[in-house]
Amino acid sequence: MASSGEEGPVVVDLRSAAESAGGEDAHATPLHEMESLCMRCGENGTTRVLLTLIPHFREVVLMAFECPHCNERNNEIQFAGQIQQKGCCYTLKVPMGQSKVLNRQVVKSDSATIKIPELDFEIPPEAQRGTLSTVEGSIMRAISELQELQDERKKVDPQKAEAIDQFLVKLRCLGSGEAAFTFILDDPSGNSFIENPHAPSPDPLLSLRFYERTSEEQAALGFLAEPTKEPGEPSHDASTVEANSGGQRMPHGSVGAVAGRRAIAQGNSDEISAALYRYSAPEEVDTLPSSCSACTAQCVTRFFSTKIPYFREVILMATTCDVCGYRNSELKPGGAIPAKGKKTTLHVQEFKDLSRDVIKSDSAAVYVPELELELSAGTLGGMVTTVEGLIVKICEALERVHGFQLGDSTHEWEKKKWDDFQEKLAKLLNLEEPWTLIIDDALAASFIAPATDLIEEDKQLTIEEYERSSEQNDELGLNDMDTSSADMAYNTTST
């Protein structure tokens with residue numbers, strides 16, 4: 001692609017640029033140039049590549065192409081770090097006539113989709129590559145790309161070109177703030193972002209939702225969505241399982257339920273007791289094959305179940321990749337889904353309260369009223385830590401996500417707001433004044449350890465159960481959960 005001249009060595013490809021810039025002195029990485037083909041005129045242009053670290057955010061690869069023959073220009077941003085464990089979906093309500101909202105920074109990765117429901121408009125991932133822009137800039141870029149081929153459309157299909165012209169008028173109204181609309185940024189890789197100027201406080205106009213990727217999204221990101229089948233291996237439908245008797249097909253879930261009930265009815269009581277004891281206090285760790293979420297290589301996940309006093313059964317899982325060194329550990333609640341949610345409030349008054357064990361699940365929201373800090377469910381995932389560790393990890397995550405805004409062009413009042421937040425945090429961790437930690441979990445899968453042998457005697461710890469709302473059940477998928485097949489299998493009397 002490029003040749004070396006007297007001016008110095010030239011990087012031959014993007015991989016070489018990334019590898020040479022990925023050392024310990026990444027902050028002082030030089031700008032690399034390479035000769036590449038211009039897709040417009042067919043001549044050779046110049047691509048400049050820079051691997052840099054956005055403070056408190058992620059490593060990114062910045063690329064800028066320029067062709068001296070036809071003046072074609074193009075710039076792109078790609079993420080050099082790992083794909084996140086969950087996808088993210090940002091929803092921004094843009095009121096009419098508020099230009100400040102349109103000026104919010106938007107980080108869009110290669111896999112992100114932009115949607116505007118009011119116009120039934122969608123920008124797919126392949127239409128706009130990774131960009132660092134604003135809400136207004138994303139809309140104006142879409143207008144520019146739609147406008148490019150209008151002259152040719154008018155010659156071939158005038159009716160379609162006229163419809164696009166009318167649509168562009170509506171889209172320009174949104175870009176200029178003349179109408180209210182909703183800006184949705186959906187990224188299965190979890191590497192996109194919309195600025196929150198009120199951080200670390202919640203933004204009334206911006207909401208964030210984390211979700212598990214579907215098999216199609218996993219495949220689009222390069223993950224092995226389905227296990228490969230050997231030649232000649234029969235294919236089974238995911239919703240039904242073929243029974244052993246007569247080839248009759250039964251609903252998925254009923255086969256396992258019947259087999260479990262038969263095993264209990266016909267099994268040895270000593271064996272069952274030993275199995276139940278091993279489940280509540282395991283003496284060995286089980287393993288299952290999985291794929292690394294960082295490099296997609298085959299690895300092993302180790303897990304075991306145990307019971308925490310005053311809490312419930314939990315499953316501890318740990319994954320280690322020998323190829324890239326990726327490590328991850330998480331805790332999942334076991335047993336049945338509780339009928340009620342749980343809100344746990346801890347009044348932190350002494351230093352020993354900072355050492356209390358904390359279990360935070362994926363479904364838990366965290367509040368610290370004294371900091372005006374609020375984290376929605378799904379943020380940070382599940383973890384086992386302490387009160388002090390939870391607060392520190394929350395603040396590190398806030399700095400990583402929002403801290404890249406604090407550059408040279410940031411207003412002084414924005415920097416002062418973060419400085420004040422850090423001062424308040426230091427006062428809380430030094431216990432200069434009492435503060436409150438609230439963990440609200442709709443699945444009752446979070447826990448704060450009591451300081452006394454009897455949880456009722458711990459006056460600083462308050463546990464409140466509540467009925468989940470219909471919206472919470474819908475977000476958790478409980479409204480669509482159908483267990484009728486399993487219930488019928490357990491209730492049947494046939495063996």
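Where is A444 found? A444 sits in the loop between β24 (435-441) and β25. Helices here are DSSP runs of H or I with at least four residues, strands are runs of E with at least two, and both are numbered from the N terminus.

Okay, quick housekeeping. We're looking at a predicted model, where local features need pLDDT of at least 70, side-chain atom pairs count only at pLDDT 80 or more, and totals for chains, interfaces and linings use all residues. Residues are numbered from 1 along each chain as its sequence is written, and side-chain values use heavy atoms, with hydrogens and water left out.

Back to A444. Its phi is near 55°, a positive value in a residue other than glycine. For background, most residues other than glycine have a negative phi. A444 is buried, because its relative accessible area is 7%; buried means under 20%, exposed over 50%, and partly exposed in between, with a 1.4 Å probe and protein chains only.

Now D120, in the loop between β7 (113-116) and β8 (121-123). D120 isn't a glycine either, and has a positive phi of about 55°. Is D120 buried or exposed? It counts as exposed, because its relative accessibility is 74%.

Next, Q460, which you'll find in the loop between β25 (447-448) and β26 (461-466). Q460 counts as buried, at 15% relative accessibility. What does its side chain reach? The backbone oxygen of H347, at 2.8 Å. There's also a polar contact of 2.7 Å between the side chains of Q460 and D353. By polar contact I mean a pair of N or O atoms within 3.5 Å; within protein, one must be able to donate a hydrogen and the other to accept it, and residues adjacent in sequence count only if both atoms are side-chain atoms. Setting aside residues up to four places away in sequence, Q460 touches T345, L346, H347, Q349, D353 and R356, with contact meaning heavy atoms within 4.5 Å.

T182 is in strand β10 (residues 181-187), and counts as buried at 6% relative accessibility. Its side chain makes a polar contact with the side chain of E118 at 2.9 Å, and another with the side chain of K93 at 3.5 Å. Beyond neighbours within four places in sequence, the contacts of T182 include T91, L92, K115, I116 and P117.

On a 1 Å grid over the protein atoms alone, a cavity is a set of points where a 1.4 Å probe fits but cannot get out; a pocket is an open set with protein on both sides within 12 Å along at least five of seven lines, and lining residues have an atom within 4 Å of a point. Grid points are joined across faces, edges and corners, and a volume is the space filled by probe spheres set on the points.

How many cavities of 30 Å³ or more does the search find? It finds 2 in the whole structure. The second largest cavity has a volume of about 40 Å³, and its lining is Y310, F311, K342, T344, S446, F447, I448 and I463.

Last stop: the second largest pocket, with a volume of about 880 Å³. Of its 28 lining residues, E72, R73, N74, N75 and R141 are the closest to the centre. α3 gives the most to that lining, with 6 residues.
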